[in-house]
Amino acid sequence: MAEGFIQQDGSRSLEKIENAYLMDLVDRNLLIVEKWSVSGDVNVCKVHDLVRQLSSFPSSICNLMNLQTLSISTSSSSMVLPSNISNLVNLSHLLCDADLYLPFIEKPMKLEFITKVVLGDGVDNFQKCFPGIKFLASTLYLHEENDFELLHYLEKLMLTGSGCTRRRSVEREFMRCEPNLGENHISFPSTLKVLKLVRCGLPLSDMSIIQSLPNLEALVVKYNGFEGSLWETGEEEFQRLKFLRLKKLNIKQWEASSINFPCLEELDVVNCVDLQEIPLELGDISTLDSIYVENCGASLLVSLQQNRQEQDDAGNYELEIIVDGRYIPSCVPKHDD
């Protein structure tokens with residue numbers, strides 16, 4: 001309202017005019033109110049499946065200046081955000097189960113949380129669009145630079161490789177290509193605490209970039225998020241990493257020691273059928289509470305049994321090792337009374 005997008009029409013206040021816009025959308029079944037504030041204002045609303053009927057949002061949505069959270073549910077694979085989406089000056093959360101394509105934006109937004117956003121040719125970078133973003137889920141495209149380093153407030157980042165160029169994806173003649181981004185460069189901010197990589201096809205040698213992140217606490221790599229048969233962690237530490245999940249990677253050998261993961265509490269390895277073993281020294285991590293493995297090969301199972309034996313010999317009976325939902329039991333010695 002302060003920006004002048006809603007004009008007074010005489011006796012009605014700007015708040016009443018805005019509420020009339022909102023209730024009109026609700027009455028037309030374009031919005032569903034999910035959460036009301038204590039004062040009776042709408043805090044959270046959900047958009048119906050508009051994409052099958054409309055090319056974009058109804059323009060009047062962008063007049064809802066007090067809207068804080070917008071959740072969009074659609075059966076379509078993508079939808080286009082209007083350039084005046086930045087009129088929603090109080091919007092902090094924008095969620096969608098499809099790609100949100102932003103071809104242009106009039107001014108920076110105060111968003112803190114946005115999912116599945118795709119920047120168009122008229123948008124330079126995320127920092128100019130969402131300088132205060134804390135949670136970002138986005139798609140990576142072939143032959144592009146991906147610079148997130150200037151997002152100084154970003155704490156959670158989820159990246160999914162498309163396996164195609166941006167133009168092909170935007171046109172939505174979407175072909176499921178191999179998960180490989182070639183020589184794409186990705187830079188991360190030091191503020192990052194949670195990172196999830198899916199189908200990104202990055203070389204395992206780039207893992208050293210992630211190891212250097214000083215505040216990273218959780219790392220999830222899925223469906224060839226990294227590609228390569230050998231992961232050598234070297235001597236560098238994941239300084240604050242507490243949770244590591246590897247799922248459906250083509251890794252065969254993993255060379256690591258306890259010094260690489262000084263704070264690790266949980267290790268999950270799922271559907272990495274070619275991985276021959278989990279490094280024995282990881283069992284020596286003093287903070288490690290559990291190792292969870294699902295659908296592993298026979299050699300990896302043998303390494304886990306060896307790890308269990310080594311930890312028992314060292315008196316570390318608290319470490320839980322779980323394979324396909326079953327515990328590998330500790331051999332706690334019996335003491336005579």
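Aspartate 324 lies in the loop between strand S21 (320–323) and strand S22 (326–327), where strands, like helices, are DSSP runs numbered from the N terminus, a helix (H or I) having at least four residues and a strand (E) at least two. Although aspartate 324 is not a glycine, its phi is positive, at about 50°, and with a relative accessibility of 47% this residue counts as partly exposed; buried means under 20% relative accessible area, exposed over 50%, and partly exposed in between, for a 1.4 Å probe and protein chains only. A positive phi, of about 55°, is also found at arginine 199, again not a glycine. Arginine 199 is placed in the loop between strand S12 (194–198) and strand S13 (202–203), and is partly exposed, with a relative accessible area of 32%.

The model is a predicted one, in which local features need pLDDT of at least 70 and side-chain atom pairs count only at pLDDT 80 or more, whereas totals for chains, interfaces and linings use all residues. Residues are numbered from 1 along each chain as its sequence is written, and side-chain values use heavy atoms, with hydrogens and water left out. The protein chain averages a pLDDT of 82, and 79% of the residues score at least 70, pLDDT being the predictor's confidence in each residue, from 0 to 100. Over residues 1–8 the pLDDT is below 50, and this stretch has 22 contacts in the model beyond near neighbours in sequence, a contact meaning heavy atoms within 4.5 Å. Residues 169–177 likewise have a pLDDT below 50, with 14 contacts beyond near neighbours in sequence. Where pLDDT is low, the predicted coordinates should not be read in detail.

The protein chain has five helices and 22 strands, and buried residues make up 46% of its 337 residues. Among the contacts with a separation of 6 or more, 45% are accounted for by residues 24 or more positions apart.

Strand S19 (residues 266–270) is largely enclosed by the rest of the structure, because four of its five residues are buried. Strand S17 (residues 243–247) pairs with S19 in the parallel sense over five bridges, two strands being paired if DSSP finds at least two bridges between them; in this pairing, lysine 247 stands opposite valine 270 in S19. Five bridges also join S19 to strand S20 (residues 290–294), and these two strands run parallel, with glutamate 266 opposite serine 290 in S20.

The count of salt bridges comes to two, a salt bridge being a side-chain nitrogen of Lys or Arg within 4 Å of a carboxyl oxygen of Asp or Glu. Arginine 245 forms a salt bridge with aspartate 268, the closest N and O atoms being 3.0 Å apart. This pair links distant parts of the chain, as arginine 245 belongs to strand S17 and aspartate 268 to strand S19, 23 residues apart. Arginine 245 is partly exposed at 22% relative accessibility, whereas aspartate 268 is buried, with a relative accessible area of 4%. The side chains of arginine 308 and aspartate 312 also meet in a salt bridge, at 3.2 Å from N to O; both residues lie in helix H5 (residues 298–313), four residues apart, about one turn of the helix. Arginine 308 is buried, with a relative accessible area of 3%, and aspartate 312 counts as buried at 5% relative accessibility.
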